[in-house]
2 protein chains.
Amino acid sequence: MTHTDLAPLRPEDPHLEDDDHAALGEDYALTAAFVEKVVDAADDGDGMRLRGLLEDLHPADVADLMGFLTAEHRSVVVQWLPPELLAESLPEMDDGIREKVLERVPSATLAEALQELDSDDAASVVEDLEDDQRERVLAAMPEVERAAIESSLGYAEDSAGRLMQREFMAAPQFWNVGDTIDHVRAQGDDLPELFFDIYVVDPMNRPVGGVAISRMLRSPRATPLIELMEPVNAIEVDVDQEEVAYIFEKYHLISAPVVDTGGRLVGQLTVDDVVNIIQEENREDILRLAGVADEDRSSSVFEIVRGRVPWLGINLFTAMLGASVIALFEGTIQQIVALAVLMPIVSAIGGNAGTQALTVTVRALATRELNASNALRTFWREMAVGLANGFVLAPLIGLAAGFWFQDWRIGAVIGAAMILNLLVAASVGVLTPLTLSKLKFDPAVSSAVFVTATTDFFGFLIFLGLATIVLL
Amino acid sequence: MTHTDLAPLRPEDPHLEDDDHAALGEDYALTAAFVEKVVDAADDGDGMRLRGLLEDLHPADVADLMGFLTAEHRSVVVQWLPPELLAESLPEMDDGIREKVLERVPSATLAEALQELDSDDAASVVEDLEDDQRERVLAAMPEVERAAIESSLGYAEDSAGRLMQREFMAAPQFWNVGDTIDHVRAQGDDLPELFFDIYVVDPMNRPVGGVAISRMLRSPRATPLIELMEPVNAIEVDVDQEEVAYIFEKYHLISAPVVDTGGRLVGQLTVDDVVNIIQEENREDILRLAGVADEDRSSSVFEIVRGRVPWLGINLFTAMLGASVIALFEGTIQQIVALAVLMPIVSAIGGNAGTQALTVTVRALATRELNASNALRTFWREMAVGLANGFVLAPLIGLAAGFWFQDWRIGAVIGAAMILNLLVAASVGVLTPLTLSKLKFDPAVSSAVFVTATTDFFGFLIFLGLATIVLL
């Protein structure tokens, strides 16, 4: 996506205060009042009023607005959006919402609108189209733009090749600052709208270094670029977006050249794309830990249930395993009903402590703070934490249970079971994501359900087992 | 933090392969083998070998390395790090690790090292110092640098004022492209090392617009800046970092001017700082949902327990509330032990479904995808999802329980309880974070424990209550 300096509507804008419809609140998010105005205008079918509300919005705010609307209101709004604004807001939308908006846009309009966008943005829109619409749209575009989009779609989804922008500024090694500035002034139209680094390339078109344009600006015209140039992190077209985000974040990059397998410069990535990737990856991690598949505001109830219910189904199965442990001790429970009252406490605390250890481990793996060199240390640290948590909590629950049921042996049993189950929680909380990661699976997926299933299983087994030995 | 083009050690670097100690793996993260080499050299007290291993590292990799080392090894490594490299790596370290490293560095060395850094980076290091060390370090610095750091520390933590860089490039409204380039060439040293936008200011020093330097480069020398300039998002010094991140992300900004309460330009924020903020905020959200307070790799077991055990204590209390519900039905359980076997299934599924709804809601609030205009719709959608999940899962558990205990009435009771508890889960999963957010609390904090406590409580109550009515 291209960096843009387009001004958003700010709440301070006097024009807006006069009109009494400031779109953005103090926090730069669309206000509920503005969304309602749009909904009212859409309900009334008042196209002119809609256009008045919409035409000054920033594309990012248009995308945001779409997220707040129902499908019906969205289809009215799309009709009244100026085509250029629609085009610019498409790359900003959530995937699910974009898909639904695209269904409403005629292919010819879309083909024209896409030509206004940078190649990476246009490709990200086209990739979401249904096959027949995609063919119609591509057919209606000029040769050059179509070729650029088709070649972009030739790279794997979420790869650097798919994300990159084909426009960049490259200079041969023998140029100086003056040559470069003159070239930029002459060739301005073929360059990306905004760029931050100039890539110096050898005769084979392989990047050998980069010059930040602010650094170039500081130097006299006669300075050779190779004197100013610094090494660059060239990223290969097939590198995954998660890797790209990590490199940008770690080295504070603003842009980076993308090279083909032969090392030749074919595009560039800029930090604003990377910000989106980081948010996407974080969203995935947080939702996966909770057992939620990809869904957004535009997902139907059916789509949401299809994403979440398999998870609950697995949970149902693991809960039945836990129940079957309890069933082993039916005789014990029949004699001491207090155990049925207390057993969920042991499993609940175990589940929560396991989830704490799990979340910390998943996060450390995602940020690459955890690898083979500190895995063992991390494991023992979590075990120590589990033991310490146990020594804090066991006396509390032991005393409480002892008083409640007027039997200090019940207190001793639940205290001991708590400590043991917290050790189970610590070990399974660390080892589950580490093992998944070692096996090249996403450590966030299915970890939580496995951890709580284990702490339930052992929580019931340890508590009821100890009780059977000690109390009967 | 300043964008840097310094080259990291890449695995392909032939020099490194020869030396057989490539620091970075294919994934750009430090390899376990390299960390072990450092540990070995530190154990042997082999300073020259340590320096050889360290001196070519990128500051970000030095910071990373510190995270993988134990306190003892860290203190050896700090002694052998070249001072400039130490200074540059300090702003990259996790807060907890930086604190511990700083304890090892003499004040005079630190004062000298800090002068190499941009004002925002130097302030971020100084803010972590103990009071007496901070005084010694500031006293040993030249007047100008000290004043800049002290004024930065005058702004609230996590505010734009604290995060901003005091170096920026401003130009009066009457300058043209040529004037600006000449100024940059002449004044190069007072400007930030890298900059991306030139802020055009009025005579009161208030920003009236911005010119991306790539855009300026494209224009003839005689072009007035005001012709090229576009509106900018000026950020006030007291704006919170979360807000800053949202604005940068939404509008794809690379840099933004920071203004004081009088609207005068006092600094700038750049996107690479924002990437760090986004990661920090995401980290907070994901850890808070799991009930983990701030901790990192360098935290001691005691620090970790202090952060996690209060959470487990609250959970202990809520689990006892759940237990007291079960206690109400002791008589029922004594007659039908099957209920004790089955009741954790109802609460487990409720807890998981509630956590799903909660996580989706917390995420939507964090990304401002949820506000008053779609809150009600979100609530009803989650209720519909809860009901649909119930209609899928209830027959499964109903049949399983019916067969297991050879009593179709038990199957009917658990099926009905499951559906009702999934509705409880959906409503509490949405309403808890919405209410916390409305009351200006962080919706991620304490939500999870409240949601699972509620689904446990009602899960037991509904299941055992229905069972008492139907089965006895």
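The following legends describe close-up views of a predicted model.

**View 1. Domains of chain A and the annotated CBS region.** Chain A is divided into domain 1 (32–154), domain 2 (170–290) and domain 3 (301–471), and the C-alpha centres of domain 1 and domain 3 of chain A lie 48 Å apart. An unreviewed UniProt entry places the feature "domain: CBS" at residues 228–284 of chain A. Over residues 228–284 of chain A, 46% of the chain is helix and 23% is strand, with the end C-alpha atoms 40 Å apart.

**View 2. An open sheet of three strands in chain B.** The strands of this sheet follow the order β4-β5-β6 (chain B), and their pairing is mixed. Because β4 (235–236) and β6 (265–270) of chain B stand at the edges, each with a single partner strand, one side of each is left without a neighbour in the sheet. Strands β4(B) and β5 (residues 255–259) of chain B run parallel and are joined by two bridges, and Glu236(B) stands opposite Val259(B) in β5(B).

View 3. Glu284(A) forms a salt bridge with Arg288(A), in which the closest N and O atoms are 3.5 Å apart. The two residues, Glu284(A) and Arg288(A), are four residues apart in helix α17 (residues 271–289) of chain A, which means that about one helical turn separates them. Glu284(A) counts as partly exposed at 28% relative accessibility, and Arg288(A) is also partly exposed, with a relative accessible area of 29%.

**View 4. Buried salt bridges in chain B.** In a salt bridge of 3.0 Å, N to O, the side chains of Arg98(B) and Asp128(B) meet. This pair links distant parts of the chain, 30 residues apart, with Arg98(B) in helix α7 (residues 95–102) of chain B and Asp128(B) in the loop between α9 (119–126) and α10 (131–139) of chain B; both Arg98(B) and Asp128(B) are buried. The side chains of Arg368(B) and Glu243(B) likewise meet in a salt bridge (3.2 Å, N to O). Here, too, distant parts of the chain are linked, 125 residues apart, with Arg368(B) in the loop between α20 (338–366) and α21 (372–404) of chain B and Glu243(B) in helix α16 (residues 241–251) of chain B. Arg368(B) and Glu243(B) are both buried.

**View 5. A nonpolar surface patch on chain A.** Leu328(A), Phe458(A) and Leu461(A) form this patch, and together they have about 270 Å² of accessible area. Phe458(A) lies in helix α23 (residues 447–471) of chain A and is partly exposed, with a relative accessible area of 32%.

Key. Residues numbered from 1 in each chain as written. Chains lettered and ligands numbered in written order. Predicted model: local features only at pLDDT ≥ 70, side-chain atom pairs only at ≥ 80, totals over all residues. Heavy atoms only, no water. Pairing = 2+ DSSP bridges. UniProt positions renumbered as here; feature names shortened; annotations may be inferred. Patch = residues over 30% accessible without salt bridge, like charges linked within 9 Å, V, L, I, M, F, W, Y side chains within 5 Å. Areas by Shrake-Rupley, 256 points an atom, 1.4 Å probe, with all protein chains shown as cover. Salt bridge = Lys/Arg side-chain N within 4 Å of Asp/Glu carboxyl O. Buried < 20%, exposed > 50% of the residue type's maximum accessible area, 1.4 Å probe, protein only. Domains from an automatic or database assignment.
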